[in-house]
Amino acid sequence: MVQPFLISESDKQTSVPLAARMRPRSLSEFVGQQHILAPGKPLWEAIQNQALHSMILWGPPGVGKTTLARLLANQSESHFESLSAVLAGVKEIREAVGIALQYRAQGKKTVLFIDEVHRFNKSQQDAFLPHIENGTILFVGATTENPAFELNNALLSRARTYVLKSLQIADLEQLITATLLDQERGLGRMSITMSKDAVTILASIADGDARRALNLLEIAADFASNEKGQDINIDETVIAAVSQESLRRFDKGADIFYEQISALHKSVRGSDPDASLYWLTRMLDGGCDPLYIARRLLRIASEDIGNADPRAIQLALNGWETYTRLGSPEGELALAQVVLYLASAPKSNAVYAAFNSANQLVQETGSLEVPLHLRNAPTNLARELGYGKDYRYAHDEEGGYAAGESYFPPELNGKRFYYPADRGLEQKIGAKLEHLRSLDQNSRSLKKDSDSLTKK
């Protein structure tokens, strides 16, 4: 029998949300992100050695971006100034920098935290650059979007990017338990009974978001209090009511949930439509969010089928959209259709392998320059510098293919990532690519012979 958490005494009502009250006050209270905050990890080392730098914190909602920025300011004994890119403009940026200059005159650093930094336009982002460079501010930007796409290269080059991950079930369980026991800021002064199973269910529903977990916990405590009087018992029924999700036979142990999605993925990859349909039904019957399954099916269509059957990814998207339009239970049939198609389709992970290989090479080789002949030449100066010179326009070439042309930086000429499988449409793609490579080889051989004759 699972022993419940028993907390006595009544809690005084407060207008401050529970998630705000439980914001960590020190790094020792910070939950999760051990890949950057564990001893020996880069950010931990920077904090311990008082070598803090400007940074971008990239991660989903509720994983501690704002909290981490505040803790960095406290740890470095810096002034903390915060702006939201949703509401602020250049005027507010100047005002914040002015405050930072005042603190700098007093010998104190300023951490300037910008929430939703990706919402700033180019000129607004550029406004930070001189103040980062001269040390007026320690810039900390938070974003849920990919910084490589949403932020200027100039800003990215002056700030290190740290990726924050969704919190694990165990992290959220730890946070919920601490909140139940905390008599100063949490729910410790309320008479609450909550089993470990209920804690795990709530942590699972929160989907890696600490703010969501604590908001649901606060609502559950209020709901249970209204329903049952002074003694509060937060059980599966209460959590189902406040989260508006069915919890019947939901994965109370966390591992079972991930085991089931793994079984579904592997059954589809293994081309077993019957087993795939069984695991889909098991997960839906157990209360899994169908939209989570729809996202995973789209991933499977790309990772395990790819160009062997390009229709798979479109069908997965259509199934996802159909479910959002119909909802349950009607929309679940569309997910079943997708599962059966994906399981029956030819399989190839060639795209997945090619992407990983290319990504590894980019990490190893850094920022190689774009060859001159591939650069656009919109101005006279660009043309004088040789941009676009000797570029061969493929549509003007025989067969629409510029045989022998290279589109890599010179250091990577001849590199190959994509090896199509001999299944489905990729069999034809592979044959075409082999033909094009033979044209390249013949063209380069002719050029080599021609260069040799010219030298003679």
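Visitor: What does the word "buried" stand for here?

Guide: A residue is buried if its relative accessible area is under 20%. In this predicted model, F128 has a relative accessible area of 0%, so F128 is buried. F139 is likewise buried, at 0%.

Visitor: How is a pair of aromatic rings described?

Guide: A pair of aromatic rings is described by two quantities, the distance of the centres and the angle of the planes. A search of the whole structure finds 5 aromatic pairs. One of them joins F80 and F113, with 6.1 Å from centre to centre and 25 degrees between the planes, and this pair is stacked.

Visitor: Where do F80 and F113 lie in the chain?

Guide: F80 belongs to strand β3 (residues 79-84) and F113 to strand β4 (residues 110-115). The two are 33 residues apart, and the pair links distant parts of the chain. Both F80 and F113 are buried.

Visitor: Why is the pair of F128 and F139 called tilted?

Guide: The ring centres of F128 and F139 are 4.9 Å apart and their planes stand at 55 degrees, so the pair is tilted. F128 is in the loop between α6 (122-126) and α7 (129-133), whereas F139 is in strand β5 (residues 138-143), so the pair ties together parts that are 11 residues apart in sequence. F128 and F139 also belong to a cluster with F120, linked by ring pairs.

Visitor: Which residue lies over the face of Y387?

Guide: That residue is R375, placed at 4.9 Å from the ring centre of Y387.

Visitor: Which residues of α17 and α18 meet?

Guide: On the side of α17, the residues include R311, L315, G319 and Y323. On the side of α18, they include E332, L335, V338 and L342.

Visitor: What is found in the loop between α17 and α18?

Guide: P329 is located in that loop. The peptide bond that joins S328 and P329 is cis, with omega at about 0 degrees.

Visitor: Is D207 buried or exposed?

Guide: The cut-off for exposed is over 50%. D207 has a relative accessibility of 52%, so D207 counts as exposed.

Visitor: What is the phi of Q33, and where is its place?

Guide: Q33 has a positive phi of about 60 degrees, and Q33 is not a glycine. Its place is in the loop between α1 (18-21) and α2 (34-37). Q33 has a relative accessible area of 5%, so Q33 is buried, whereas D207 counts as exposed.

Notes:
Residues numbered from 1 in each chain as written. Predicted model: local features only at pLDDT ≥ 70, side-chain atom pairs only at ≥ 80, totals over all residues. Heavy atoms only, no water. Phe/Tyr/Trp six-rings, centres within 6.5 Å; stacked < 30°, edge-to-face > 60°. Helix = DSSP H or I, 4+ residues; strand = E, 2+ residues; numbered from the N terminus. Buried < 20%, exposed > 50% of the residue type's maximum accessible area, 1.4 Å probe, protein only. Lys NZ or Arg CZ within 6 Å of the ring centre and 35° of its normal. Contact = heavy atoms within 4.5 Å.
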